[in-house]
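I set out to record what I looked up in this structure, entry by entry. The notes begin with the chain as a whole and then turn to individual sites.

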Amino acid sequence: MNAPDERIDIEAGRRLFAQDCRFVAGADRIEALPPIGLPEVAFAGRSNVGKSSLLNALTGRTTLARVSHTPGRTQQLNFFDLGGRLVLVDMPGFGFARAAKRRIKDWTGLIERYLRGRPNLRRVCLLIDARRAAMAIDRAFMERLDAAAVSYQVVLTKADKVKPPDLKRRTGALGAELAQHAAAHPEIVVTSAHAGIGVPELRAALAALAVPSQFD
Ligand code: GDP
């Protein structure tokens, strides 16, 4: 991408994420999903990966994290309307050290059905902690996304915790791994919610999936 185009995209991302972001629905079962409508981008990752922090950094608000961290709402898909142009979907974190088997089964069923039956799901952002790189549970999720033919993009979080040469090595290795996955987006977005790294770039990438505004 050349410089002027990139600048335009960054501006489009800024404009989109400056819009109102409103909680519209929480679904703990398939029947509770909101009707299919606007393009959706879902955020997934292991618990503690920094998903809430990144959603807050993207939207410049704390509403999303507050809603999604509310006990009882943490095991559901939470839908947020962003300016009537894109829906952000906060998926429950995975990694279930303490969860009951029955709950894991329910969760897996809901996610599976959501992923396979949502034609307006444009992308899943798979968040991975930059300090740990991909773990078995991330790989298992990638395989499910491949099988469901859902396009996904890896977003590294907490990049402020990793030295630049290590980050470069890690993204290189992960990029090579992603090339083996049918549904993976080749580009990895490196972010830090705390340092603000990569946030404008991720906004711009997501703006490209939104309903265009009259200014785009
Ligand atoms: P979630 O469980 O995936 O929603 O993760 P949270 O957003 O609640 O963050 C989990 C932990 O990681 C918290 O202690 C955050 O302060 C920390 N964290 C989140 N984002 C960053 C980041 O960009 N840099 C660093 N250093 N820590 C982060």
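**Overall chain.** I began with burial: 47% of the 216 residues of the chain count as buried, where buried means under 20% relative accessible area, exposed means over 50%, and partly exposed lies in between, with a 1.4 Å probe and protein chains only. The model is predicted, so I noted that local features need pLDDT of at least 70, that side-chain atom pairs count only at pLDDT 80 or more, and that totals for chains, interfaces and linings use all residues. Residues are numbered from 1 along each chain as its sequence is written, and side-chain values use heavy atoms, with hydrogens and water left out.

I next listed the elements: the chain has seven helices and seven strands, taken as DSSP runs numbered from the N terminus (helices H or I, at least four residues; strands E, at least two). Their order from the N terminus is α-β-β-α-α-β-β-α-β-α-β-α-β-α. For contacts (heavy atoms within 4.5 Å), I found that 76% of those with a separation of 6 or more join residues 24 or more positions apart. The accessible surface of the chain is about 10,800 Å², and 53% of it belongs to carbon and sulfur atoms; such areas come from the Shrake-Rupley method with a 1.4 Å probe, and for residues only the protein chains shown count as cover.

**Ligand site.** Which residues come nearest to the ligand? I found Lys51, Ser52, Ser53, Asp160 and Ala193, out of 13 residues around the ligand, a residue being near if one of its heavy atoms lies within 4 Å. I then checked polar contacts, meaning pairs of N or O atoms within 3.5 Å; within protein, one atom must be able to donate a hydrogen and the other to accept it, and residues adjacent in sequence count only if both atoms are side-chain atoms. A side-chain N or O atom of Ser52 is 2.6 Å from a ligand oxygen. A backbone N or O atom of Ala193 lies 2.9 Å from an oxygen atom of the ligand, and a polar backbone atom of Gly50 is 3.0 Å from one. The ligand taken alone exposes 570 Å², of which the protein buries 76%.

I looked up why α2 (residues 51-59) is largely enclosed by the rest of the structure. Gly60 follows α2 with a positive phi, near 70°. In the loop between β2 (40-45) and α2 I found Asn48, a residue other than glycine whose phi is positive, near 80°. Asn48 is exposed, at 69% relative accessible area.

**Gly93.** Is Gly93 buried or exposed? It counts as buried, at 15% relative accessibility. Gly93 sits in the loop between β4 (86-90) and α4 (101-116). Leaving aside residues up to four places away in sequence, Gly93 touches Gly45, Arg46, Ser47 and Lys51. The C-alpha atoms of Gly93 and Ser47 are 4.4 Å apart, although 46 residues separate the two along the chain.

**Nonpolar cores.** A core here is a set of buried Ala, Val, Leu, Ile, Met, Phe, Trp, Tyr and Cys residues joined through side-chain atoms within 4.5 Å. The largest has 39 residues, and those touching the most other members include Leu77, Phe79 and Tyr114. I noted that α4 gives this core its largest share, five residues. Another core, of 24 residues, lies apart from it and includes Phe80 and Val155.
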